[in-house]
Every structure is written in C-alpha cells, then in structure tokens.
Amino acid sequence: MNLIINHTSMEPIYEQIIAQIKAEVIEGRMTAGDALPSVRTLSRELKISALTVKKAYDNLEEEGLIVTVHGKGSFIAAANQELLMEERRKELEKELEAAVQKARTGGLTAKEIRESFEIIMEDEVC
C-alpha cells in the first residue's frame with residue numbers, strides 16, 4: 001500500500017488516509033483479509049502522528065471497512081458490496097456535480113449539458 005499525504009491540502013490527513021484506503025478496496029487492490037500496516041509503522045512511513053493514523057483506522061472500522069484484532073493488527077473486512085457501491089455512487093455524484101458546475105461556468109445551458117452527457121453515454125458500451 002502506497003499512501004501519499006498532501007500536507008498543503010485543506011483535507012485533514014486522517015481523511016486523506018481514509019480516502020486512499022477506501023480507493024484501494026474499491027479498485028480491488030486490497031481485498032478482504034489483507035493486513036494494513038500497524039499504526040506505528042504507517043505513522044513512521046508517512047512521518048505523521050500515530051494518533052492521526054489511529055483516528056483514520058477507527059473511522060474505517062466504524063464504517064465497517066476494516067476490522068482490528070487486538071494483538072494481531074487491522075485487516076480489510078469482508079466488506080458489504082452495497083457499501084462499496086454506495087461509495088462509488090457518492091464519488092460519481094461528486095464528479096458529475098463538478099463537471100456540471102464547470103459547464104455552467106463555461107456558459108453551457110442545461111440542455112447542452114444533457115446533450116453532451118447523452119453523446120458520451122452513446123459511445124459507452126454497456
């Protein structure tokens with residue numbers, strides 16, 4: 001797992017960790033049972049506080065994406081596929097909202113935006 005922390009980002013470091021671990025799971029690079037680095041190991045690798053990593057792991061555990069076994073470490077949970085699909089939907093909605101906002105700022109009408117979307121979808125093989 002190769003996490004990259006952007007210290008100039010407005011996004012808190014623990015949220016960056018959460019987002020990147022979620023992406024690893026959603027994209028299939030990490031699967032159920034895969035071990036995460038220990039809190040201390042990851043904090044040393046990223047040169048951040050162990051409390052920050054712990055906060056990220058705690059949040060991921062609350063969401064059901066990881067399980068922590070005392071004395072053994074943290075592992076990717078047998079994640080609920082519906083939970084992963086919901087994450088994908090939220091990410092898609094965020095990206096579509098940004099694209100629509102950019103189009104509106106560029107002067108496109110709602111009709112033009114819809115037409116562009118339809119053209120793109122026609123090219124997609126379903």
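Start by selecting Leu3: at 9% relative accessibility it counts as buried, where buried means under 20% relative accessible area, exposed over 50% and partly exposed in between, using a 1.4 Å probe and protein chains only. You'll find Leu3 in the segment before H1; helices here are DSSP runs of H or I with at least four residues, strands are runs of E with at least two, and both are numbered from the N terminus. Before going further, keep in mind that this is a predicted model, in which local features need pLDDT of at least 70 and side-chain atom pairs count only at pLDDT 80 or more, while totals for chains, interfaces and linings use all residues. Residues are numbered from 1 along each chain as its sequence is written, and side-chain values use heavy atoms, with hydrogens and water left out.

Now show the neighbours of Leu3. Leaving aside residues up to four places away in sequence, Leu3 touches Ile17, Gln20, Ile21, Leu42 and Leu46, contact meaning heavy atoms within 4.5 Å.

Next, pick Lys47, in the loop between helix H2 (39-46) and H3. What is the phi of Lys47, which is not a glycine? The angle is positive, about 55°. Lys47 counts as exposed, at 72% relative accessibility.

**Two domains**

Colour the chain by domain: domain 1 takes in 13-78 and domain 2 takes in 81-123, with bounds that come from an automatic or database domain assignment. Taken over C-alpha atoms, the centres of domain 1 and domain 2 are 30 Å apart. Where they meet, five residues of domain 1 are in contact with four residues of domain 2.

**The largest pocket**

Pockets are found on a 1 Å grid over the protein atoms alone: a cavity is a set of points where a 1.4 Å probe fits but cannot get out, a pocket is an open set with protein on both sides within 12 Å along at least five of seven lines, and lining residues have an atom within 4 Å of a point. Grid points are joined across faces, edges and corners, and the volume is the space filled by probe spheres set on the points.

Select Ala19, Lys22, Glu87, Glu91 and Lys94, the closest to the centre among the 13 residues that line the largest pocket. Helix H1 (13-26) and H4 are the elements that give two or more residues to this lining, and H1 provides the largest share, six residues. Why does the largest pocket lie between domain 1 and domain 2? Because both domains give residues to its lining.

Colour that lining by type and you get four nonpolar, no polar and nine charged residues. In this scheme Ala, Val, Leu, Ile, Met, Phe, Trp, Tyr, Cys and Pro count as nonpolar, Asp, Glu, Lys and Arg as charged, and the others, Gly among them, as polar.

**The second largest pocket**

Move on to the second largest pocket, with about 270 Å³ of space. It is lined by 15 residues, and Ser38, Val39, Tyr57, Thr68 and Ser74 lie nearest its centre. The elements giving two or more residues to this lining are H2, H3, strand E1 (66-69) and strand E2 (73-76). Which of them gives the most to the lining? That's H3, with four residues. By type, this lining divides into five nonpolar, five polar and five charged residues.

**Salt bridges**

To finish, show the charged side chains. How many salt bridges does the structure hold? There are five, each a side-chain nitrogen of Lys or Arg within 4 Å of a carboxyl oxygen of Asp or Glu.

Select Lys54 and Asp58, whose side chains meet in a salt bridge at 2.9 Å, N to O. The two sit four residues apart in helix H3 (residues 50-62), so about one helical turn separates them. Lys54 is partly exposed at 41% relative accessible area, and Asp58 is partly exposed at 30%.

Now jump to Arg89 and Glu86, joined by a salt bridge of 3.3 Å, N to O. They are three residues apart in helix H4 (residues 81-105), again about one helical turn. Both count as partly exposed, Arg89 at 34% relative accessibility and Glu86 at 37%.

Last stop: select Glu24, Glu27 and Arg29, which salt bridges with shared partners join into one network. Within it, the closest N and O atoms of Glu27 and Arg29 are 2.4 Å apart, and Glu27 is exposed, with a relative accessible area of 51%.
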